[in-house]
Amino acid sequence: MRQILLITDGCSNVGESPVMAAAHARQEGITVNVVGVVDYGTIGELGSREIADIAKAGGGLSRIVGTPQLAQTMQMMTRKTVVQTIQQAVNKEVKKILGDGSLEDLPPAKRSQVVTVVDELTETTPLRIALLIDASASMKPKLAAVEEAIRDLALSLEAREGRSEIAVFHFPGRSSSEDAALDMDWSSDVSGIRSLFGRMKMRGATPTGPAIFRVLEHYRYDKLDEHREHFERERFESEEHDEREGMIGGYVV
């Protein structure tokens, strides 16, 4: 299961539409959740609307919170999205069996079994979350809260039975030609997160759309690597099988 968790405090102002980018992510089976972070006052009407629109296009959730609620909100959204994705998959299977019926149409005993399966899958399904952090200048006072929230999220994911991995990106990147920078590749080890934030350089622009596309590109490379590993494993097993067949054939008189 794959997610992007975007943490921002305002409107994008460079490059492609972040709503369009989130829609592309959803088409590729990646859910986009968005947290709008505020210190004082509001995020503004335009910012609020964009945050909601990005999450809607990405099939995810959006929340606007103060820094004290950030950690709890990130954990809640991550878990809720996992549950929703699994429930959608289960409902599809139920529809195949019942036609126009739904989970509520099942007998209580069967419904209880389905709920138990959903709970188990929520804890055991492999999960990857790409954290995409707005590092524009206005986010600087909030970075300490973001860092602590990410550490708390990573620790909560460690408690899951299934494999959970986090990658961290920030945007804009380290140069004007870089929309987003990869700070930490997929890992379940949270010890390196603290050192990441000391190296982040805050800059003015907010290329949210291009940054989401950068994360999608990273996910696509992972998919290619998975296919390559699968192909090489199958080829190795096939060669081993042929070798065994040849040895057995050599002993047949």
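Helices (H or I, at least four residues) and strands (E, at least two) are DSSP runs, numbered from the N terminus. Keep that handy for this tour of a predicted model, where local features need pLDDT of at least 70, side-chain atom pairs count only at pLDDT 80 or more, and totals for chains, interfaces and linings use all residues. Residues are numbered from 1 along each chain as its sequence is written, and side-chain values use heavy atoms, with hydrogens and water left out.

**The whole chain**

Start with a cartoon view. You'll find seven helices and six strands, running β-α-β-α-β-α-α-β-α-β-β-α-α from the N terminus on. Of the 253 residues, 42% are buried; buried means under 20% relative accessible area, exposed over 50%, and partly exposed in between (1.4 Å probe, protein chains only).

**Stop one: Ser164**

Now select Ser164, which sits in strand β5 (residues 164–171). Is Ser164 buried or exposed? Ser164 is buried, at 9% relative accessible area. Show its side chain and you'll see a polar contact with the side chain of Arg160, at 2.8 Å. (A polar contact is a pair of N or O atoms within 3.5 Å; within protein, one must be able to donate a hydrogen and the other to accept it, and residues adjacent in sequence count only if both atoms are side-chain atoms.) Not counting residues up to four places away in sequence, Ser164 touches Leu127, Leu157, Ser187 and Ser188, where contact means heavy atoms within 4.5 Å.

**Stop two: Asp183**

Next, pick Asp183 in strand β6 (residues 181–187). Asp183 is buried as well, with a relative accessible area of 15%. Which side chain does the side chain of Asp183 make a polar contact with? That partner is His170, at 2.8 Å. Beyond four places in sequence, the contacts of Asp183 include Val168, Arg174, Leu196 and Met200.

**Stop three: the cores**

A nonpolar core is a set of buried Ala, Val, Leu, Ile, Met, Phe, Trp, Tyr and Cys residues joined through side-chain atoms within 4.5 Å. The largest one here has 37 residues, and Met74, Leu131, Ile133, Val146 and Phe197 have the most contacts inside it. Colour α3 (70–98) and β4 (127–134), which are among the elements supplying at least two residues each to this core. The biggest giver is α3, with eight residues. Zoom in on Val146: leaving aside neighbours within four places, it contacts Ile7, Leu70, Ile133, Met139 and Phe197. Apart from this core lies another, of 27 residues, including Ala22, Ala211, Phe213 and Leu216.
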